[in-house]
Amino acid sequence: MWWKVSRFAAASRLSRSTRPLSTAIPGPCIVHKRGADILHDPWFNKQDTGFPLTERDRLGLRGLLPPRVISFEQQYARFMESYRSLEKNTVGQPEGVVALAKWRILNRLHDRNETLYYRVLIDNIQDFAPVIYTPTVGLVCQNYSGLFRRPRGMYFSAKDKGEMMSMIYNWPADQVEMIVITDGSRILGLGDLGVQGIGIPIGKLDMYVAAAGINPQKILPVMLDVGTNNEKLLKDRLYLGLRQPRLEGEEYISIVDEFMEAVHRRWPKAIVQFEDFQMKWAFETLQRYRKRFCTFNDDIQGTAGVALAGLLGTVRAQGRPLADIVNQKIVVVGAGSAGLGVLSMAVQAVLRIAENSGAAAKNPFFLLDKDGLVTKERKNLDPMAAPFARDPAEIEGLREGASLLEVVKKLKPHVLLGLSGVGGVFSEEVLKAMRESDSIKPAIFAMSNPTMNAECTAEDAFKHAGENIVFGSGSPFKNVDLGNGKVGHVNQANNMYLFPGIGLGALLSGARLISDGMLQAASECLASYMTDEDIRKGILYPSIDCIRDITAEVGAAVVRAAVAEELAEGHCEVGPRELLHMSKEDTVEYVTRNMWFPIYSPLVHEK
Ligand SMILES: NC(=O)c1ccc[n+]([C@@H]2O[C@H](COP(=O)([O-])OP(=O)(O)OC[C@H]3O[C@@H](n4cnc5c(N)ncnc54)[C@H](O)[C@@H]3O)[C@@H](O)[C@H]2O)c1
Ligand SMILES: O=C(O)C[C@H](O)C(=O)O
Ligand SMILES: [Mg+2]
C-alpha cells in the first residue's frame, strides 16, 4: 500500500508515530454549504470524484459529478504520477523554470483540494518543502504579481486604516489559531518585495500544517501592505500592492497596532508570528507586543534557537563537553535581525553553561556587518549591535572594520556563521583560511536565503575549507560527494526546525505570551535531539523527513516550559491543572494527539 512505504513513516526516528492509524474512522466534519459551493471550496472538496454516493445524496451533489467514485489513494497516485512526469519532462530546462512549474502544479492542487495537498506534502516533505518553502518561495514572491490567480490569506493596507476591526470579520473561518504576518520589507535576502511578500506567510503556514499539524482551516496568512520602497515594483504596471513609498514612524506603527488589536478582538488565543520585517520594525514590534499578545518574531527568535542548537552541536562534534563553548571562537557575519537575534540568545546560553559548569565566562563571539568587524570604536554604532561590539583592547591585532578575511586569518575561528543575506561572502580565500581553524572540525553555516544569497555553496565549503568541516545552510543543498565513498553532510540550518513547534507549543499550552524560557526550551530540545553518533558524523539537525516528530518534541518542551513558568492557561478541554500533571511523555503524547492529519472526513450538512 502506498502509505505503508511512505518515507515519512520509514524515516521516523521515534517508534511513536505522529500518523494516526490508517484503520481509524475519521470523525464527521460539519459543513454549512451544499451542492456546487462544496465543490468550489478546497477545505471540503474531495477532488470532486472522491465524494461517495451517499455523501453526494446528502449534500446535493448528485448529477453534478461524473458517476465513478475515485478513492483517495487513487487520487494521490494520480497526482504523484503527474508530478513525476512533470519532473521528467522538464529535465534540462533552466532551474527557475522547473522550480516554478513544480510550484504551479502544487499550488493548483492547494487551490482545489487542501486534504490531498497536505497529504502529499507531508508524505513527500523532503521533495516538496523546497518548492512550497525556501528557496522556491523566494522566486514566487519575486514573480507574485504575474503569477497571481487567486488570493490566499488576508491583505490589510495603509488604505484600510480605521476599518480593520470590521475587516477581520470578513475571514470565513470562525476559529483561527495561527497567523503569520509580513510587511514584505525584507523577504529572505531579496529585500523589499512589498505586497508580493505574501508568499512567505503562505509558505510558513504550509510548514505549520505539514510539521505541526495545525488544521489548515485555522491558519491565516497576512500581508500588511504599507507601500514599498522598491523602485522596480513601483514602476511595474502589474504590481498588485499599494504604489506608494512605505509608511514610516507613527503612521506605520499605528497600522500594525490596529491589526494586532483587531486580531486579538476576534481571536484572542491566536498566535501571531512576525516574519521578514526589516530589522528596525522587527525589533520594535517584538518589544511592543511580546508582553501583550501571544507573539514571536521568527527571524529573531526562531533563527536564534536553531543557530544555538547548531553551535552546541559543533562543540559536541569536536568531542568536547558543552562547557567548552566558552573556549570557541565564533564569527557571526551579519548584524541584522537574524544575526543579533542569534547573538542575544547565544550569549545568554553561554553565560548559563559557564555558570552551571563553573567555567570562567568568556565571550566567544565576534560580529561583522557590511562595514567589517564591529568594535566599540565604530562610529554611529547601532545600539542594537552595541552589546556585541568587541573592545579593541581584547582583540589584539584586529582593528575596527577588519575584513572577514583578516578576521578569519587572525582568529582561526571554530565557527563561521553567515546571516548577511549576501551570496558568496564566504569567498574561496575565506574558506581556505578556515583550514587553519583551531577546531578539529571547523563549522561553516551559510544561513542566508534563498540559495543564491547563501554565503557559500556546500560544494565550495567542502572543497576549499576541507573535508572535515561541519556544514549548514539555510536553503537546502545536496550532500557533497567527497570521493572514495565519503560524503560531506549538508545540514539545513533553517528556522523551520523550530517555529512550528514554538507556535504549536504556545497554542496547546494556552500561554498568554511566549517567554524567553519557552524559546530556550525549544532550542535545547532541538540541540539534544541528535545522538552523539550522528553529531560525530556532522549531522546536527534531524532529517526533514522527521519534521513532525521533532516538532512534537519541541512543542512538548514549549508546553512544559510554559507550565513551569505558570503561563499556561490550557487549551480547549485541557486545563492548566491537567497540563501540570502531565509527564514529559504525556505531554509529547498530548501534542501529537492534537496534530491534524489529512484524511477525507464524512461531511455532514448543517444549516
Ligand atoms: N536560515 C534561517 O533560518 C534564517 C533565518 C532568518 C534569516 N535568514 C537569512 O539571513 C539573512 C539576513 O536576514 P536579516 O533579517 O538579519 O537581514 P538584515 O537586513 O536585518 O541584516 C543583514 C546584515 O548583514 C550585514 N551585511 C550586509 N552585507 C554584508 C557583508 N558583505 N559582510 C558582512 N555583513 C554584511 C548588514 O550590515 C546587516 O547587518 C537573509 O538572507 C535571511 O534570509 C536565515
Ligand atoms: O524563510 C526561511 O527559509 C528562513 C528565514 O525565516 C528567512 O527569513 O530566511
Ligand atoms: Mg524569515
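**Reading the ligand shells and a helix pair**

Me: Which residues come nearest to ligand 1?

Reply: A residue is near a molecule if its C-beta atom, placed from the backbone, lies within 6 Å of it. Among the 30 residues around ligand 1, those that come nearest are Gly189, Gly336, Asp369, Gly421 and Gly474. This is a predicted model, in which local features need pLDDT of at least 70, side-chain atom pairs count only at pLDDT 80 or more, and totals for chains, interfaces and linings use all residues. Residues are numbered from 1 along each chain as its sequence is written, while chains are lettered from A and ligands numbered from 1 in the order in which they are written.

Me: How is a pair of packed helices described?

Reply: One gives the angle between their axes and the distance between the axes. Helices are DSSP runs (H or I, at least four residues), numbered from the N terminus. Axes are lines fitted to C-alpha atoms, for helices over the stretch in contact, with angles from 0 to 180 degrees between N-to-C directions. Here the axes of α4 (residues 72-89) and α5 (residues 95-112) come within 10 Å and cross at roughly 165 degrees. That makes α4 roughly antiparallel to α5 (angles over 145 degrees count as such).

Me: Which residues surround ligand 2?

Reply: They are Thr134, Leu188, Asp276, Asp298, Asp299, Asn449, Gly474, Asn494 and Asn495.

Definitions and conventions: Helices (H or I, at least four residues) and strands (E, at least two) are DSSP runs, numbered from the N terminus. Angles under 35 degrees count as roughly parallel, over 145 as roughly antiparallel, 65 to 115 as roughly perpendicular and the rest as oblique.
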